Amino acid sequence: MDKLGQGLAPEQAIAEGPVRASGAPTTEAGLAEPLTSPVTFQLSVPATSANLGPGYDTMGLALGLYDEITVQAAPRAGAEASIEISVEGEGAATLPRDASHLVVTLVEKILAAKGYSLPDLQVRAQNNIPHSRGLGSSASAVASAVMTADALLPQGLTEDEKLQIGSRIEGHPDNYVPALRGGVAISWQQQPDPEDPETPGAFKTARLTPHAQLRTVLAVPNFEQSTQVARDLLPAQVPHSDAARNSARAALLVHALTTAPELLWEATEDSLHQEQRRPAFPGSMALVDSLRAAGFAAVISGAGPSVLVLAEGDAQAERAAEHIVARGGPDARGHAFTPWILPIAGTGATVEVRSQ
């Protein structure tokens with residue numbers, strides 16, 4: 001795998017050049033062994049919802065739904081790393097069980113860029129985040145890989161390296177940053193240095209403190225949607241009036257999320273991406289239209305086809321869930337939506353070392 005989403009290949013995404021401990025044993029490829037003894041750790045990474053309406057490619061939040069991964073790592077017993085993978089839940093029937101698994105591939109490339117080889121790995125994944133539904137499953141995988149590499153590297157990764165590497169692999173940080181750090185975040189990329197225009201600008205992020213009454217309701221469909229198909233429908237240019245309208249709503253959204261949730265309905269109006277991508281998920285947009293007509297702040301979650309409702313308090317969240325049950329299908333194609341009321345996850349990807 002060379003790229004994920006709109007991002008860079010992992011070997012291009014490393015914030016610093018390779019480093020190696022002096023005297024560390026090396027493989028035939030000249031890479032150092034990262035471990036001196038076996039280690040076991042547990043990762044937990046949340047689902048995310050990005051865009052939040054007008055915050056296209058910049059705003060996102062973490063959801064209280066987690067992929068859980070157990071990693072048992074040991075120094076290589078042979079010339080090649082031994083990889084054993086088991087997968088339960090989402091993707092159990094389709095995901096690879098060898099070194100071509102996304103998380104293992106990314107870990108290997110991150111370690112190699114730092115000067116280290118991949119150790120023997122046993123990985124047990126319990127995937128609870130639905131795939132291809134606009135709930136950040138790919139960002140969760142990238143965050144899992146970055147945190148695994150951090151746990152395996154002798155010196156680990158800095159917090160900024162975790163931010164830069166994952167954001168560059170994923171291509172845009174709106175999903176990745178909440179998966180990595182939790183909460184609600186605004187993220188952006190700086191412009192390249194004029195003296196070094198070929199080097200991408202650094203990614204930055206600012207955390208928001210959500211209002212105490214903010215609630216999230218997901219309408220999760222029983223069908224999938226390709227992120228790339230949805231992106232391909234976006235026009236190369238938008239009218240200045242649409243851009244201005246979207247800027248106003250994005251600014252208002254920050255205020256609504258943190259201070260005035262009664263403004264969420266107006267703040268979640270979008271002019272950049274949802275209507276343009278209606279052909280990719282007509283059922284999702286019909287549900288958004290229905291929810292908004294009933295006064296709920298509904299938007300497409302990420303690249304769809306899930307729908308996110310930002311609600312003010314528990315009562316409104318329950319009413320939104322009832323609306324989804326009543327209006328969410330199934331339609332003539334058998335497509336249907338199920339409501340999930342989920343908390344905003346205050347923490348992102350975590351690693352718990354169980355033995356060493």
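1. A nonpolar core is a set of buried Ala, Val, Leu, Ile, Met, Phe, Trp, Tyr and Cys residues joined through side-chain atoms within 4.5 Å; buried means under 20% relative accessible area, exposed over 50%, and partly exposed in between, with a 1.4 Å probe and protein chains only. The largest such core here has 40 residues, and Leu-111, Leu-121 and Leu-152 have the most contacts inside it.

2. The model is predicted: local features need pLDDT of at least 70, side-chain atom pairs count only at pLDDT 80 or more, and totals for chains, interfaces and linings use all residues. Residues are numbered from 1 along each chain as its sequence is written, and side-chain values use heavy atoms, with hydrogens and water left out.

3. Helices (H or I, at least four residues) and strands (E, at least two) are DSSP runs, numbered from the N terminus. Helix 3 provides the largest share, nine residues.

4. Contact means heavy atoms within 4.5 Å. Not counting residues up to four places away in sequence, Leu-152 touches Pro-34, Leu-35, Val-39, Phe-41, Ala-73, Val-107, Leu-111, Pro-119 and Leu-121. Another core, of 23 residues, lies apart from the largest one; among its members are Leu-218, Leu-257, Leu-264 and Leu-310.

5. Two strands pair if DSSP finds at least two bridges between them. Four strands form an open sheet in the order 8-9-7-10, with antiparallel pairing. Its edge strands, strand 8 (297-300) and strand 10 (337-342), each pair on one side only. From one strand to the next the twist averages 25 degrees; axes are lines fitted to C-alpha atoms, for helices over the stretch in contact, and angles run from 0 to 180 degrees between N-to-C directions.

6. Strand 7 (residues 214-221) pairs with strand 10 over six bridges in the antiparallel sense, and its antiparallel pairing with strand 9 is also over six bridges. Towards strand 10, Val-220 has Thr-338 as its bridge partner and Ala-219 has Pro-339. Leu-214 stands opposite Glu-312 in strand 9. Seven of the eight residues of strand 7 are buried. Helix 9 (residues 282-293) lies across strand 7, strand 8, strand 9 (307-312) and strand 10, at about 165 degrees to strand 8.

7. On a 1 Å grid over the protein atoms alone, a pocket is an open set of points with protein on both sides within 12 Å along at least five of seven lines, and lining residues have an atom within 4 Å of a point. The largest pocket holds about 780 Å³ of space; grid points are joined across faces, edges and corners, and a volume is the space filled by probe spheres set on the points. Its lining has 41 residues, of which Ser-132, Gly-136, Ser-137, Ser-138 and Thr-227 lie nearest the centre. Helix 3 gives the most to this lining, with five residues.

8. Most residues other than glycine have a negative phi, and most peptide bonds are trans. Asn-51 has a positive phi of about 80 degrees, and Leu-52 has one near 55 degrees. Asn-51 is buried at 3% relative accessibility, and Leu-52 is buried at 0%.

9. The peptide bond joining Gly-304 and Pro-305 is cis, with omega about 5 degrees; Pro-305 is in the loop between strand 8 and strand 9. A cis bond also runs from Gly-329 to Pro-330, with omega near 15 degrees, and Pro-330 is in the loop between helix 10 (313-327) and strand 10.

How values were computed:
1 Å grid on protein atoms, 1.4 Å probe; cavity = no way out; pocket = protein on both sides within 12 Å on 5 of 7 lines; lining within 4 Å.
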